[in-house]
Amino acid sequence: MYAYPNPVLKNHGTVTIEVRNGTNLPENTGVIILDTERNLVYKTNVIEGEQVQGRKVVWDKRNLTGTKVASGIYIVFLATEDGSENVTTKITIVN
């Protein structure tokens, strides 16, 4: 899995998260983004048709309350619905 652009600069409106081998994320994959203090920042599931361009996750750099996140490092966790696969990556936000 990887996220781009990375680092995410102030002028980047969104971050896209996808699988490296070009396949789609499985439907119902859980997506969790935490800050470095392990606070929940964002959470969603991959639902067919919800994300753009074939089950990629597009994050608008906003937390669960709709506020833009601060500059920092964020950790992305993806896990399949049955828990058989999980991966992590990091995103750097520079505002």
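Accessible areas come from the Shrake-Rupley method with a 1.4 Å probe, and for residues only the protein chains shown count as cover. The model is a predicted one, in which local features need pLDDT of at least 70, side-chain atom pairs count only at pLDDT 80 or more, and totals for chains, interfaces and linings use all residues. Residues are numbered from 1 along each chain as its sequence is written, and side-chain values use heavy atoms, with hydrogens and water left out.

**Exercise 1. Describe the surface and the secondary structure of the protein chain.**

Step 1. The accessible surface of the protein chain is about 5,700 Å², and carbon and sulfur atoms contribute 48% of that area.

Step 2. Of the 95 residues in the protein chain, 33% are buried (under 20% relative accessible area; exposed is over 50%, partly exposed in between; 1.4 Å probe, protein chains only).

Step 3. Helices (H or I, at least four residues) and strands (E, at least two) are DSSP runs, numbered from the N terminus. The protein chain has zero helices and eight strands.

**Exercise 2. Determine which strands pair with E4 and whether E4 is buried or exposed.**

Step 1. Two strands pair if DSSP finds at least two bridges between them. Strand E4 (residues 30–35) is antiparallel to strand E5 (residues 40–45), with five bridges, and also to strand E7 (residues 72–79), with six bridges.

Step 2. Val31 stands opposite Thr44 in E5 and has Leu78 as its bridge partner in E7. For Ile32, the bridge partner in E5 is Lys43.

Step 3. Four residues separate E4 and E5 in their hairpin, and Arg38 in the turn has a positive phi of about 70°.

Step 4. E4 is largely enclosed by the rest of the structure, because five of its six residues are buried.
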